[in-house]
Amino acid sequence: MRAVLVVNPQATATTPAGRDVLAHALASQVKLEVVETDYRGHALTAAAQAAVDGADLVVAHGGDGTVNEVVNGLLAAGPSGAVPMLGVVPGGSANVFARALGLPRNPVEATHVLLRAIEQGRSRRVGLGLVESGPSRRWFTFNAGMGWDADVVAGVDRRRGKRASPSLYARVAIARYARPGHSRPDLTVQLPGEDPITGLRLAFVSNTDPWTYLGARPIHLNPGCGFETGLGMFGLRTLGVPTVLRHFRQALSDKGVRRGKNLVRRDNVSRIVVSASAPVRLQCDGDLIGERTRVEFVSVPAALSVAVV
């Protein structure tokens, strides 16, 4: 088996020693090439090249941003054809995709799981989300959104001198909520077989559950969502304090968000179109994509094979 290990040395939980242990362990079972990223988009380029070169496995060692880039590189030519299998060894602060797959947060333990999967020839097909906006396309593994959550990602990006952490995201989220900085246009959501839903203040799209984590606590916005289902949509008609606090408490509970007069929620949706009268920010898997006035989110079943036991 030919494999490429893509390592983000700047990720929160990656270290040179951990990288060397992972590389040595993988090299005992596969013919291995190691790529260390040194700029944004490098992991995407490396994964795309690995797919062109006919690699059997590409392992992402980093945070969710690294995983997202590797996935987009692997699927640069689309999900059809000979796409290398994905392996994931968490190295970031949240590691939402890896944890949703049931992988350990500890990189050493996750490495053992990956090695067992390779040895036993085991993998899992997972569905992904695809963002389409004009000529641009972007895959996402766990969530995407327009508006407030993307504003938070932009705020964290501006603090690149600091390591991303749950506390940093929480501080930025509170600041963006208290001081939006500019008037946010209302969002309109179109779902298959339904009339347009207008007047939404935010719209989050999920590809799995949980939507993300606050430290060790999962945040459940669409508990019925999973890698084998369609997309989930979570929207609010108001960002008033009572509404936000009510649904935040529900999201932190085991049952997740359930009901509310200002809540619009759907599970297992094949296609979601979100539009706004003025450009708003868009994020995919915690990566800022830019500003858009119309975005289509599409569920793509069984898009990728992932090495898991």
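## A salt bridge to start with, then the wider picture

Glu296 is buried, at a relative accessible area of 16%, while Arg271 counts as partly exposed at 32% relative accessibility. Keep in mind as you look around that this is a predicted model.

How many salt bridges does the structure hold? There are ten in the structure.

| Glu228 | Arg124 | 3.0 Å |

Take the Glu228 pair next: its partner in the salt bridge is Arg124. Glu228 sits in the loop between β12 (217-219) and β13 (231-236) and Arg124 in strand β5 (residues 124-133), so this pair ties together parts that are 104 residues apart in sequence. Glu228 counts as exposed, with 56% relative accessibility. Arg124 is partly exposed, its relative accessible area being 25%.

Asp151 is in helix α6 (residues 148-157) and Arg281 in strand β15 (residues 271-284), so the pair ties together parts that are 130 residues apart in sequence. Are these residues buried or exposed? Asp151 is buried, with a relative accessible area of 3%, and Arg281 counts as buried too, at 19% relative accessibility. Buried here means under 20% relative accessible area.

Salt bridges can also join up into a network, and here one links Arg19, Asp20 and Glu36.

Stepping back, the domain assignment of the chain gives domain 1 (2-121) and domain 2 (136-303). Their centres, taken over C-alpha atoms, are separated by 26 Å. On the contact side, 19 residues of domain 1 touch 25 residues of domain 2. About 1900 Å² of area is buried between domain 1 and domain 2, and carbon and sulfur atoms give 54% of that. Which three residues supply more than any other three of the area that domain 1 buries against domain 2? They are Arg40, Asn68 and Val96, which supply 28% of it.

What kinds of pairs cross between the domains? The salt bridge count between domain 1 and domain 2 is zero, but five residue pairs are in polar contact across the interface. As for the elements involved, α3 and α4 (96-100) each supply at least two residues of the side of domain 1 that touches domain 2. Helix α3 gives the most to that side, with five residues.

### Inside the first part of the chain

The UniProt record, an unreviewed entry, places the feature "domain: DAGKc" at residues 1-135. The end C-alpha atoms of residues 1-135 lie 35 Å apart, and the span is 39% helix and 25% strand.

Helix α2 (residues 42-52) is worth a look within this span. Its buried residues include His42, Ala43, Ala46, Ala47, Ala48 and Ala50. An α-helix has 3.6 residues a turn, so residues three or four places apart point the same way. What do the buried residues of α2 pack against? They pack against strands β1 (2-7), β2 (31-36) and β3 (57-62), and also against α3 (64-74). After α2 comes Gly54, with a positive phi near 85 degrees.

Asn95 has a phi near 55 degrees, a positive value in a residue other than glycine. Asn95 is found in the loop between β4 (85-90) and α4, and it counts as buried at 4% relative accessibility. Ala302 also has a positive phi, near 45 degrees. Ala302 belongs to strand β16 and counts as partly exposed, at 41% relative accessibility.

Last stop: where is the cis peptide bond that joins Asp209 and Pro210? Pro210 is placed in the loop between β10 (202-206) and β11 (212-214). The omega of that bond is about 5 degrees.

How values were computed
Residues are numbered from 1 along each chain as its sequence is written. This is a predicted model: local features need pLDDT of at least 70, side-chain atom pairs count only at pLDDT 80 or more; totals for chains, interfaces and linings use all residues. Side-chain values use heavy atoms; hydrogens and water are left out. UniProt positions are given in the numbering used here, feature names are shortened, and annotations may be inferred rather than shown by experiment. Helices (H or I, at least four residues) and strands (E, at least two) are DSSP runs, numbered from the N terminus. Buried means under 20% relative accessible area, exposed over 50%, partly exposed in between (1.4 Å probe, protein chains only). Contact means heavy atoms within 4.5 Å. Domain bounds come from an automatic or database domain assignment. Buried area is the accessible area (1.4 Å probe) that two parts lose on being put together, summed over both. A salt bridge is a side-chain nitrogen of Lys or Arg within 4 Å of a carboxyl oxygen of Asp or Glu. A polar contact is a pair of N or O atoms within 3.5 Å; within protein, one must be able to donate a hydrogen and the other to accept it, and residues adjacent in sequence count only if both atoms are side-chain atoms.
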